[in-house]
Amino acid sequence: MKKIDLRSDTVTLPSPDMKDAMMSAPLGDDVYGEDPTVNQLESYCAALLNKEAAIFAPSGTQSNLLGLMSHCERGDEYIVGQDAHTYKYEGGGAAVLGSIQPQPLEYQAPGIIPIEKIKAAIKPKDNHFARTRLVCLENTQAGVCVPSDYTSQIADLCKTEGLAFHLDGARLFNAVVATGESIESMTHTFDSVSLCLSKGLGAPAGSVLVGSKTLIEKARRWRKVLGGAMRQSGMLAGAGLYALQNNIERLADDHRRAKSLADALRKIGALTVSEHSGVTNMVFVNVPTEKVAQLQLSAQEKNIVLPEGESLRLVTHLDIDDNAIEKVINVFTKTFN
Ligand SMILES: *Cc1c(COP(=O)(O)O)cnc(C)c1O
(Lines give C-alpha, C1' and ligand atoms only; values in the text may rest on other atoms or scores of the structure.)
Protein backbone atom coordinates (compact mmCIF):
# COMPACT_ATOMS: atom_id res chain seq x y z
CA MET A 1 0.00 0.00 0.00
CA LYS A 2 1.40 3.42 -1.01
CA LYS A 3 2.34 5.67 1.90
CA ILE A 4 0.33 8.89 2.18
CA ASP A 5 2.58 11.32 4.05
CA LEU A 6 0.93 14.62 4.92
CA ARG A 7 3.61 15.97 7.27
CA SER A 8 5.31 18.20 4.71
CA ASP A 9 5.85 18.87 1.01
CA THR A 10 9.52 18.02 1.59
CA VAL A 11 8.83 14.26 1.68
CA THR A 12 8.36 13.85 -2.09
CA LEU A 13 10.60 11.41 -3.94
CA PRO A 14 12.13 12.36 -7.31
CA SER A 15 10.08 11.03 -10.23
CA PRO A 16 11.70 8.79 -12.89
CA ASP A 17 11.84 11.77 -15.30
CA MET A 18 13.50 13.94 -12.68
CA LYS A 19 16.03 11.17 -12.02
CA ASP A 20 16.76 11.00 -15.77
CA ALA A 21 17.40 14.75 -15.76
CA MET A 22 19.80 14.28 -12.84
CA MET A 23 21.64 11.39 -14.46
CA SER A 24 22.08 13.16 -17.79
CA ALA A 25 23.07 16.57 -16.35
CA PRO A 26 26.43 17.83 -17.70
CA LEU A 27 28.80 18.16 -14.73
CA GLY A 28 31.92 20.01 -13.63
CA ASP A 29 33.46 21.42 -10.45
CA ASP A 30 31.14 24.19 -9.27
CA VAL A 31 33.74 25.66 -6.90
CA TYR A 32 35.65 26.58 -10.09
CA GLY A 33 32.35 27.79 -11.56
CA GLU A 34 32.59 24.94 -14.07
CA ASP A 35 29.42 22.96 -13.52
CA PRO A 36 27.29 23.78 -16.60
CA THR A 37 24.07 22.57 -14.97
CA VAL A 38 24.55 24.65 -11.81
CA ASN A 39 25.40 27.65 -14.00
CA GLN A 40 22.28 27.01 -16.06
CA LEU A 41 20.09 26.76 -12.96
CA GLU A 42 21.53 29.99 -11.57
CA SER A 43 20.96 31.96 -14.79
CA TYR A 44 17.52 30.39 -15.18
CA CYS A 45 16.48 31.63 -11.71
CA ALA A 46 18.01 35.08 -12.21
CA ALA A 47 16.07 35.44 -15.48
CA LEU A 48 12.86 34.13 -13.90
CA LEU A 49 12.95 36.92 -11.32
CA ASN A 50 14.52 39.46 -13.68
CA LYS A 51 17.49 39.96 -11.35
CA GLU A 52 21.21 40.00 -12.13
CA ALA A 53 22.47 36.84 -10.51
CA ALA A 54 21.72 33.75 -8.43
CA ILE A 55 23.53 31.15 -6.37
CA PHE A 56 22.65 27.50 -5.73
CA ALA A 57 22.74 26.41 -2.07
CA PRO A 58 22.23 23.00 -0.44
CA SER A 59 19.23 24.14 1.65
CA GLY A 60 16.79 26.97 2.18
CA THR A 61 18.25 27.55 5.61
CA GLN A 62 21.59 28.23 3.98
CA SER A 63 20.28 30.39 1.14
CA ASN A 64 18.42 32.59 3.66
CA LEU A 65 21.55 32.80 5.78
CA LEU A 66 23.63 33.71 2.70
CA GLY A 67 21.16 36.51 2.03
CA LEU A 68 21.24 37.82 5.59
CA MET A 69 25.04 37.57 5.89
CA SER A 70 25.57 39.26 2.53
CA HIS A 71 23.35 42.23 3.42
CA CYS A 72 24.31 42.62 7.09
CA GLU A 73 27.59 43.06 8.98
CA ARG A 74 28.45 42.02 12.52
CA GLY A 75 26.34 44.09 14.94
CA ASP A 76 23.62 44.80 12.38
CA GLU A 77 20.01 43.86 12.97
CA TYR A 78 17.21 42.46 10.85
CA ILE A 79 13.48 42.85 11.42
CA VAL A 80 11.53 39.62 11.00
CA GLY A 81 8.26 37.92 11.96
CA GLN A 82 8.11 36.20 15.35
CA ASP A 83 7.10 32.95 13.62
CA ALA A 84 9.24 33.44 10.52
CA HIS A 85 11.31 30.49 9.38
CA THR A 86 14.59 32.45 9.38
CA TYR A 87 14.02 33.50 12.99
CA LYS A 88 12.34 30.49 14.55
CA TYR A 89 13.29 27.42 12.54
CA GLU A 90 16.87 28.00 11.40
CA GLY A 91 18.70 27.43 14.67
CA GLY A 92 19.28 31.13 15.19
CA GLY A 93 21.85 30.97 12.36
CA ALA A 94 21.82 34.71 11.65
CA ALA A 95 22.88 35.40 15.26
CA VAL A 96 25.05 32.31 15.73
CA LEU A 97 27.00 32.47 12.47
CA GLY A 98 26.40 36.00 11.19
CA SER A 99 26.52 38.03 14.44
CA ILE A 100 23.28 39.59 13.18
CA GLN A 101 20.74 40.44 15.86
CA PRO A 102 17.16 39.52 15.02
CA GLN A 103 14.35 41.92 15.94
CA PRO A 104 11.32 39.63 15.81
CA LEU A 105 7.83 41.20 15.68
CA GLU A 106 4.41 39.54 15.97
CA TYR A 107 2.54 38.83 12.76
CA GLN A 108 -0.90 40.45 12.77
CA ALA A 109 -2.08 37.97 10.13
CA PRO A 110 0.02 35.32 8.33
CA GLY A 111 3.02 37.06 6.76
CA ILE A 112 1.90 40.56 7.81
CA ILE A 113 3.89 42.62 10.30
CA PRO A 114 2.05 45.94 10.76
CA ILE A 115 4.07 48.70 9.10
CA GLU A 116 3.85 50.94 12.22
CA LYS A 117 5.50 48.18 14.25
CA ILE A 118 8.30 47.92 11.72
CA LYS A 119 8.76 51.71 11.76
CA ALA A 120 8.82 51.73 15.56
CA ALA A 121 11.41 48.94 15.67
CA ILE A 122 13.93 50.72 13.42
CA LYS A 123 16.68 51.86 15.77
CA PRO A 124 18.02 55.43 15.75
CA LYS A 125 21.60 55.78 14.55
CA ASP A 126 23.20 55.85 17.98
CA ASN A 127 26.00 53.77 19.49
CA HIS A 128 23.60 52.29 22.02
CA PHE A 129 21.76 50.32 19.36
CA ALA A 130 22.35 47.58 16.87
CA ARG A 131 22.22 49.01 13.35
CA THR A 132 18.89 48.13 11.73
CA ARG A 133 19.85 46.93 8.29
CA LEU A 134 17.20 44.71 6.75
CA VAL A 135 13.55 43.66 6.76
CA CYS A 136 12.74 40.01 6.00
CA LEU A 137 9.32 38.82 4.82
CA GLU A 138 8.13 35.31 3.98
CA ASN A 139 5.76 34.25 1.17
CA THR A 140 3.83 32.03 1.54
CA GLN A 141 3.72 32.26 5.33
CA ALA A 142 1.73 29.54 7.10
CA GLY A 143 0.30 28.58 3.71
CA VAL A 144 -1.08 32.07 3.04
CA CYS A 145 -0.09 34.46 0.23
CA VAL A 146 1.28 37.85 1.23
CA PRO A 147 -0.54 40.60 -0.74
CA SER A 148 1.65 42.61 -3.12
CA ASP A 149 0.24 45.97 -1.98
CA TYR A 150 1.51 45.20 1.54
CA THR A 151 4.90 44.13 0.18
CA SER A 152 5.13 47.40 -1.81
CA GLN A 153 4.42 49.47 1.31
CA ILE A 154 7.23 47.74 3.18
CA ALA A 155 9.51 48.12 0.15
CA ASP A 156 8.85 51.89 0.16
CA LEU A 157 9.62 52.04 3.86
CA CYS A 158 12.88 50.14 3.31
CA LYS A 159 13.86 52.58 0.57
CA THR A 160 13.13 55.63 2.75
CA GLU A 161 15.03 54.14 5.69
CA GLY A 162 17.92 52.76 3.64
CA LEU A 163 17.19 49.16 4.60
CA ALA A 164 17.70 46.04 2.53
CA PHE A 165 14.64 43.88 1.80
CA HIS A 166 14.85 40.07 1.75
CA LEU A 167 12.15 37.54 0.87
CA ASP A 168 12.14 34.01 2.19
CA GLY A 169 10.31 32.59 -0.80
CA ALA A 170 10.61 28.93 0.18
CA ARG A 171 7.07 28.48 -1.19
CA LEU A 172 6.92 31.53 -3.42
CA PHE A 173 5.71 29.48 -6.39
CA ASN A 174 2.67 28.38 -4.39
CA ALA A 175 1.83 32.07 -3.96
CA VAL A 176 2.45 32.74 -7.66
CA VAL A 177 0.10 29.93 -8.71
CA ALA A 178 -2.55 30.73 -6.08
CA THR A 179 -2.73 34.47 -6.87
CA GLY A 180 -2.12 34.27 -10.62
CA GLU A 181 0.34 37.17 -10.28
CA SER A 182 3.63 37.04 -12.16
CA ILE A 183 6.78 35.94 -10.36
CA GLU A 184 8.45 39.21 -11.23
CA SER A 185 5.64 41.37 -9.89
CA MET A 186 5.81 39.46 -6.60
CA THR A 187 9.57 39.84 -6.24
CA HIS A 188 10.76 43.02 -8.00
CA THR A 189 10.72 45.13 -4.82
CA PHE A 190 13.03 42.73 -2.96
CA ASP A 191 16.83 42.99 -2.98
CA SER A 192 17.15 39.25 -2.51
CA VAL A 193 14.87 36.23 -2.72
CA SER A 194 15.46 32.68 -1.47
CA LEU A 195 13.63 29.94 -3.40
CA CYS A 196 13.31 26.30 -2.30
CA LEU A 197 13.42 23.58 -4.94
CA SER A 198 12.82 20.81 -2.41
CA LYS A 199 9.36 21.82 -1.17
CA GLY A 200 6.35 21.72 -3.48
CA LEU A 201 8.56 21.66 -6.58
CA GLY A 202 9.69 18.17 -5.62
CA ALA A 203 13.49 18.25 -6.04
CA PRO A 204 15.45 16.13 -3.53
CA ALA A 205 17.57 19.07 -2.31
CA GLY A 206 18.59 22.61 -3.09
CA SER A 207 17.63 26.24 -2.87
CA VAL A 208 18.59 29.33 -4.81
CA LEU A 209 19.34 32.87 -3.64
CA VAL A 210 18.61 35.52 -6.27
CA GLY A 211 19.76 39.16 -6.20
CA SER A 212 22.21 41.71 -7.56
CA LYS A 213 25.60 40.69 -8.90
CA THR A 214 27.39 42.36 -5.98
CA LEU A 215 25.20 40.63 -3.42
CA ILE A 216 25.56 37.20 -5.01
CA GLU A 217 29.37 37.62 -5.16
CA LYS A 218 29.36 38.18 -1.40
CA ALA A 219 27.03 35.21 -0.97
CA ARG A 220 29.44 33.04 -2.96
CA ARG A 221 32.18 33.76 -0.41
CA TRP A 222 29.87 33.08 2.53
CA ARG A 223 28.67 29.83 0.93
CA LYS A 224 32.30 28.65 0.85
CA VAL A 225 32.82 29.74 4.47
CA LEU A 226 29.66 27.92 5.58
CA GLY A 227 30.70 24.72 3.82
CA GLY A 228 27.93 24.90 1.24
CA ALA A 229 30.12 25.02 -1.87
CA MET A 230 29.65 21.63 -3.53
CA ARG A 231 31.51 20.13 -6.47
CA GLN A 232 29.60 18.20 -9.19
CA SER A 233 26.34 19.55 -7.77
CA GLY A 234 24.87 19.67 -11.26
CA MET A 235 23.21 16.37 -10.41
CA LEU A 236 21.12 18.26 -7.85
CA ALA A 237 20.82 21.40 -9.96
CA GLY A 238 19.51 19.19 -12.78
CA ALA A 239 16.69 18.08 -10.51
CA GLY A 240 16.03 21.72 -9.63
CA LEU A 241 15.89 22.80 -13.27
CA TYR A 242 13.55 19.93 -14.05
CA ALA A 243 11.36 21.00 -11.11
CA LEU A 244 11.21 24.62 -12.26
CA GLN A 245 10.39 23.62 -15.83
CA ASN A 246 7.77 20.98 -15.01
CA ASN A 247 6.36 21.32 -11.52
CA ILE A 248 5.21 24.92 -11.05
CA GLU A 249 1.78 24.97 -12.74
CA ARG A 250 0.83 21.65 -11.18
CA LEU A 251 0.97 23.25 -7.71
CA ALA A 252 -2.63 24.23 -8.50
CA ASP A 253 -3.51 20.52 -8.05
CA ASP A 254 -1.98 20.57 -4.54
CA HIS A 255 -4.01 23.67 -3.72
CA ARG A 256 -7.23 22.17 -5.05
CA ARG A 257 -6.63 19.01 -2.99
CA ALA A 258 -5.83 20.97 0.17
CA LYS A 259 -9.04 22.93 -0.30
CA SER A 260 -11.17 19.83 -0.75
CA LEU A 261 -9.55 18.30 2.34
CA ALA A 262 -10.21 21.50 4.33
CA ASP A 263 -13.83 21.64 3.12
CA ALA A 264 -14.44 18.02 4.12
CA LEU A 265 -12.86 18.45 7.57
CA ARG A 266 -14.91 21.60 8.19
CA LYS A 267 -18.03 19.42 8.01
CA ILE A 268 -16.82 17.41 11.01
CA GLY A 269 -18.12 19.18 14.12
CA ALA A 270 -15.43 17.93 16.50
CA LEU A 271 -12.64 19.51 14.44
CA THR A 272 -11.50 23.11 14.24
CA VAL A 273 -10.14 23.99 10.82
CA SER A 274 -8.26 27.29 10.55
CA GLU A 275 -9.64 29.86 8.10
CA HIS A 276 -6.22 29.93 6.41
CA SER A 277 -6.58 26.29 5.34
CA GLY A 278 -6.64 25.41 1.65
CA VAL A 279 -5.42 28.81 0.45
CA THR A 280 -2.35 27.07 -0.95
CA ASN A 281 -1.17 23.57 -0.01
CA MET A 282 -1.73 23.56 3.75
CA VAL A 283 -4.58 22.62 6.07
CA PHE A 284 -4.47 23.45 9.78
CA VAL A 285 -6.76 21.39 11.96
CA ASN A 286 -7.19 20.98 15.71
CA VAL A 287 -8.20 17.55 16.98
CA PRO A 288 -9.75 17.03 20.45
CA THR A 289 -7.00 15.72 22.77
CA GLU A 290 -8.89 12.56 23.71
CA LYS A 291 -9.20 11.56 20.04
CA VAL A 292 -5.56 12.02 19.00
CA ALA A 293 -4.47 8.43 19.69
CA GLN A 294 -7.47 6.92 17.91
CA LEU A 295 -6.96 9.13 14.86
CA GLN A 296 -3.28 8.18 14.67
CA LEU A 297 -4.18 4.49 14.86
CA SER A 298 -6.81 4.67 12.11
CA ALA A 299 -4.38 6.65 9.95
CA GLN A 300 -1.59 4.10 10.43
CA GLU A 301 -3.92 1.29 9.37
CA LYS A 302 -4.35 3.04 6.01
CA ASN A 303 -0.64 3.84 5.72
CA ILE A 304 -1.34 7.53 6.28
CA VAL A 305 1.35 9.53 8.09
CA LEU A 306 0.05 12.51 10.09
CA PRO A 307 2.05 14.96 12.20
CA GLU A 308 2.03 14.21 15.93
CA GLY A 309 -0.10 16.06 18.46
CA GLU A 310 -3.50 17.72 18.40
CA SER A 311 -2.61 20.74 16.29
CA LEU A 312 -2.06 19.28 12.84
CA ARG A 313 -0.57 20.91 9.75
CA LEU A 314 -1.49 18.75 6.75
CA VAL A 315 0.42 19.46 3.55
CA THR A 316 -0.46 18.33 0.03
CA HIS A 317 2.27 17.70 -2.56
CA LEU A 318 3.38 15.81 -5.69
CA ASP A 319 2.96 12.40 -4.06
CA ILE A 320 -0.62 13.01 -2.85
CA ASP A 321 -3.29 12.32 -5.47
CA ASP A 322 -7.10 12.57 -5.39
CA ASN A 323 -7.40 8.99 -4.22
CA ALA A 324 -5.10 9.73 -1.27
CA ILE A 325 -7.20 12.74 -0.24
CA GLU A 326 -10.31 10.57 -0.32
CA LYS A 327 -8.63 8.01 1.96
CA VAL A 328 -7.56 10.73 4.40
CA ILE A 329 -11.07 12.21 4.51
CA ASN A 330 -12.46 8.70 5.18
CA VAL A 331 -10.11 8.18 8.12
CA PHE A 332 -11.14 11.49 9.71
CA THR A 333 -14.83 10.87 9.04
CA LYS A 334 -14.69 7.36 10.52
CA THR A 335 -12.84 8.58 13.63
CA PHE A 336 -15.21 11.43 14.40
CA ASN A 337 -18.65 10.25 13.28
C1 LIG B 1 11.56 24.87 4.40
C2 LIG B 1 11.67 26.33 4.57
C3 LIG B 1 12.91 26.98 4.51
C4 LIG B 1 14.22 26.28 4.26
O5 LIG B 1 14.32 25.04 4.77
P6 LIG B 1 15.40 23.93 4.41
O7 LIG B 1 14.79 22.75 5.05
O8 LIG B 1 16.66 24.38 5.05
O9 LIG B 1 15.54 23.81 2.95
C10 LIG B 1 12.92 28.34 4.67
N11 LIG B 1 11.79 29.03 4.86
C12 LIG B 1 10.58 28.46 4.91
C13 LIG B 1 9.37 29.28 5.08
C14 LIG B 1 10.49 27.09 4.78
O15 LIG B 1 9.29 26.50 4.83
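Predicted model: local features only at pLDDT ≥ 70, side-chain atom pairs only at ≥ 80, totals over all residues.

Trainee: In which strand is threonine 132, and is threonine 132 buried or exposed?

Mentor: Threonine 132 belongs to strand 5, which covers residues 131-138. Buried means under 20% relative accessible area and exposed over 50%, with partly exposed in between (1.4 Å probe, protein chains only). Because the relative accessible area of threonine 132 is 13%, this residue counts as buried.

Trainee: With which side chain does the side chain of threonine 132 make a polar contact?

Mentor: A polar contact is a pair of N or O atoms within 3.5 Å; within protein, one must be able to donate a hydrogen and the other to accept it, and residues adjacent in sequence count only if both atoms are side-chain atoms. The side chain of threonine 132 has such a pair at 2.8 Å, and the partner is the side chain of glutamate 77.

Trainee: Which residues does valine 135 touch, not counting residues up to four places away in sequence?

Mentor: Contact means heavy atoms within 4.5 Å. With residues up to four places away in sequence not counted, valine 135 touches Ile79, Ile118, Ile154, Cys158, Leu163, Ala164, Phe165 and His166.

Trainee: How far is a polar side-chain atom of aspartate 168 from a nitrogen atom of the ligand?

Mentor: Aspartate 168 is one of the residues that surround the ligand, and Thr61 and His85 are also among them; here a residue is near a molecule or strand if one of its heavy atoms lies within 4 Å of it. For histidine 85, a polar side-chain atom lies 3.4 Å from a nitrogen atom of the ligand. For aspartate 168, the distance to a nitrogen atom of the ligand is 2.6 Å.

Trainee: Which helix gives the largest share of the shell around the ligand?

Mentor: Threonine 61 has a side-chain N or O atom 2.5 Å from an oxygen atom of the ligand. The largest share of the shell, three residues, comes from residues 60-71, which form helix 3.

Technical notes:
Residues numbered from 1 in each chain as written. Heavy atoms only, no water. Helix = DSSP H or I, 4+ residues; strand = E, 2+ residues; numbered from the N terminus.
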